[in-house]
Amino acid sequence: MTELPKSAQAVIIGGGIVGCSTAYHLARLGWTEIVLLERKKLTSGTTFHAAGLVGQLRSSANITQLLGESVALYKSLEEETGLGTGWKMNGGLRLACNAERWTEVKRQATTAHSFGLDMQLLTPKEAQDLWPLMNVDDVIGAAYLSTDGQANPSDITQALARGARMAGARIVEDVEVLSVAREGGCITGVETSAGRIDTNTVICCAGQWTRDFAKTLGVNVPLVPVQHQYFVTEQIEGVTSDLPTLRDPDRLTYYKEEVGGLVMGGYEPNPIPWAVDGIPDGFHFTLLESNFDHFEPMIELALGRVPALHNAGIKELINGPESFTPDGNFILGEAPEQNGFFVGAGFNAYGIAAGGGAGMALAEWVHKGEPPYDLWPVDIRRFGRPHFDTDWVRTRTLEAYAKHYTMAWPSEEHASGRPCRKSPLYDRLRAAGAVFGEKLGWERPNWFADEAAGEAAEDAYTFGRPNWFDAVGREHRAAREEAALFDQTSFAKFALKGPDAEAALSWIAANDVAKPVGSLIYTQMLNDRGGIQCDLTVARIAEDEYYIVTGTGFATHDFDWIGRNIPDELNAQLVDITSSNTVLSLMGPRARDILQAVTRDDVSNEAFPFATTKVIGIAGCPVRALRVTYVGELGWELHLPVEYATAVYDRLMEAGQPHSLVNAGYRAIETLRLEKGYRAWAADIGPDHTPVEAGLGWAAKTNKNIAFKGRDAILAQKADGVKKMLACFTVDDPDVILLGRETIYRNGQRAGWLTSAGYGYTVGKNIGYGYVRNSQGVDAAYVTGGDYELEVATERVPAQVHLKPLYDPGMERIKA
């Protein structure tokens, strides 16, 4: 029987590429008393049957950087460990076979340039020269990234395992982790088939087994197994060892060279889930029965691209289950439900591409308590309540799988698993022409169609001006000129209550929250580097209670951040009350006239000034009114118990008729905030950006002798200066459409990329925000002293830079 150590600094569950990579990196960080436990043999879950393509470009700069970490590691791993990895940097091709796809590819090339990758656009003939076996009759163009490649999944995992052992880690096969032991809510060890190991840290990299195992701890990991097939051919004449990997999204297929033959797989539009009732016991080094009928459409598409396949011998059709997630991104981080339990799973069939970098990031997360840089797109805290239901997760995941190679349209919404969470006003808004989007299961009105005028109440996606462009313009102008009503019920809402609530929040919040009852405070919450972890509004509603409002998609993340950072010695409790309240945001120059018409409470500026809150009566309802704006106009957020929602909404709409009040949606909010220069978390600001860099230094209480998390970093930046600064950019050409990730050039040199973008209907310009970067330092004079261009779909266009809001009615109007 295997003898295990009595204790370990950390126990890693799972011996696939991610588990072995995490062990490798953690050991190199000095964690030599770690144990990796694999219930069977290394790679025996899903790694052994992975296809092994390694691409780097993603829509996030940091995830692209993480995949680049994989490439950097794979280059040197064989020399370091003495084990072959099968790594080849043979480059990667991506084809475009229609005009919209070509636009997408050109925009992807610009994204690559923004993130420092030299992606080149090729003619069909140039692409064929790199991949001679393909028919290019329907190809319009291609993109080529020379630093992409491929690896042998099992070999590279074994090399990582050897590297981990060389650094002091212990790897044990044929030992199953049965359970995680806890005491007082803290992890104390793991029980295994070979005995107990005491530990306070468990890192679960168990692939498709992760969801069920984590569930035993109350931890939610939204992934499900899906069948994924590819075939391997005999040797084909003309297939050389340096043949690039090939992705052909319009035919839903991919290719790589293997021993003189080809691997061809694809992402079919009708994927088949696996193990709906649970993974069979003892499943390891096992493939599923090949499903030729299901794969036949992929073969037909491939034959049109690679005629040589007509005569190629097929070695095998591999059908192996892989774990996929509802949004197509993998899952990393410490579980919000359980301190000391970390997850690295759900790699959506690109675990080999991500494995090296993901292991590095997860090891850093364990070692330092935070990731090496902002990893929000893959953070486990991006999920929410609907993701606890496996059937809902499976439904959404199958849609995400089917979209793997379909067009990635701007502003595209998922269609599956809807509607799930609905505001009480859903039916009224739908009848009024609302076209809904979805976030964390919430149905949210994006825009309103004028169906009487012939507008269809549905999105029509394009890289050009979308069908909702004029409708959003109407809503935008209503908010600027009259009044608009937004249903923002999906806002996450927390109550922080207790005798030490002020002291706790004063430590966590960068702005001063030690203000009188009735005060409303906009604040960031920072990490120790000064990075912005949360961006939210705090209302003091009692001496011992705060009401906290944050973005829909950040509910789990922000609740976790606040809860983790309440000092142990303080008595303050955090409660999620999101589902208790409806939120109606009444915004625009006529907002006060409408509000005063529905309440006996005085809402004049003297009685109800900006940045305050109080309870007012509307239609028999006690309404918590917050005097705040995210659109740059006079307005209130009205927070009220859900059972009053329809009565208050109806009363507001009735009173608003003489003032041209209209329903408006989230796409109008976006255009309005862009004009006013308000920042959006997870786009313009986040853990890698500080308030000083983002132009929000005024919201940090550094001029007061009050300690808060991140204060020292902010003071240092204010003293020493910064190396990047958020700026606004506009483009006059109406035919240019900014979507975000366009490359910023200052005086002809790459200086950053756009973090968010859209159209400003009041100013009549395309608007984008992005950080101007310079390793030698950046200040206002540096930013405004340059000549700027933006690269849009590989074409450079002139741009103007701004450090002040494009639209500012003056605080006199907002506060009036």
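Ala, Val, Leu, Ile, Met, Phe, Trp, Tyr, Cys and Pro count here as nonpolar, Asp, Glu, Lys and Arg as charged, and the others, Gly among them, as polar. By that scheme the lining of the largest cavity has 8 nonpolar, 1 polar and 1 charged residues. This is a predicted model: local features need pLDDT of at least 70, side-chain atom pairs count only at pLDDT 80 or more, and totals for chains, interfaces and linings use all residues. Residues are numbered from 1 along each chain as its sequence is written, and side-chain values use heavy atoms, with hydrogens and water left out.

Helices and strands are DSSP runs numbered from the N terminus (helices: H or I, at least four residues; strands: E, at least two).

**Cavities and pockets**

- A cavity is a set of points, on a 1 Å grid over the protein atoms alone, where a 1.4 Å probe fits but cannot get out. A pocket is an open set with protein on both sides within 12 Å along at least five of seven lines. Lining residues have an atom within 4 Å of a point.
- Grid points are joined across faces, edges and corners, and a volume is the space filled by probe spheres set on the points.
- The structure holds 3 cavities of 30 Å³ or more. The largest cavity has about 40 Å³ of space.
- Its lining consists of Leu425, Leu429, Phe448, Leu485, Phe486, Asp487, Leu584, Tyr649, Asn663 and Ala664. Strand S22 (484–487) and strand S32 (662–664) are the elements that give two or more residues to this lining. S22 gives the most, with 3 residues.
- The second largest pocket has a volume of about 480 Å³. Its lining counts 23 residues, and Pro336, Ala555, Thr556, Phe559 and Asp576 lie nearest the centre.
- Helix H13 (residues 555–565) gives the most to that pocket lining, with 6 residues. By class, the pocket lining divides into 9 nonpolar, 8 polar and 6 charged.

- Two strands pair if DSSP finds at least two bridges between them.
- 8 strands form an open sheet of mixed pairing, in the order S5-S6-S4-S14-S15-S16-S13-S17. Strand S5 (119–122) and strand S17 (314–324) are the edge strands, and each pairs on one side only.
- Axes are lines fitted to C-alpha atoms, for helices over the stretch in contact, and angles run from 0 to 180 degrees between N-to-C directions. With direction ignored, neighbouring strands of this sheet are turned by 20° against each other on average.
- Strand S4 (residues 92–96) and strand S14 (residues 245–248) run parallel, joined by 3 bridges. Arg94 has Arg247 in S14 as its bridge partner.
- Contact means heavy atoms within 4.5 Å. Helix H7 (residues 292–305) lies across S4, strand S13 (224–233), S14, strand S15 (253–258), strand S16 (261–266) and S17, and runs at about 120° to S16.
- Helix H9 (residues 390–402) also packs on the sheet, touching S13, S16 and S17. The direction of H9 makes about 30° with that of S13.

**The 6-strand sheet**

- 6 strands form an open sheet in the order S8-S2-S1-S12-S19-S18, again with mixed pairing. Strand S8 (170–173) and strand S18 (331–334) each have a single partner strand, so one side of each is left without a neighbour in the sheet.
- Strand S2 (residues 34–38) runs parallel to S8, with 4 bridges between them. Glu38 stands opposite Glu173 in S8.
- Helix H1 lies across strand S1 (10–13), S2, strand S12 (202–204) and strand S19 (341–345), at about 170° to S2.

**Helix packing**

- The axes of helix H2 (residues 61–81) and helix H8 (residues 351–368) come within 7 Å and cross at roughly 100°. That makes H2 roughly perpendicular to H8 (65 to 115 degrees; under 35 is roughly parallel, over 145 roughly antiparallel, the rest oblique).
- Residues in this contact include Leu66, Leu67 and Tyr74 of H2 and Ile352, Met360 and Ala361 of H8. The contact of H2 with H8 divides into 10 nonpolar, 4 polar and 1 charged.
- The axes of H1 (residues 17–28) and H2 come within 14 Å and cross at roughly 75°. Ile17, Tyr24, His25 and Arg28 in H1 meet Leu73, Tyr74, Leu77 and Glu80 in H2.

**The S35–S36 hairpin**

- Strand S35 (residues 749–760) and strand S36 form a hairpin with 4 residues between them, and Gly764 in the turn has a positive phi of about 70°.
- 6 bridges join S35 to S36 in the antiparallel sense.
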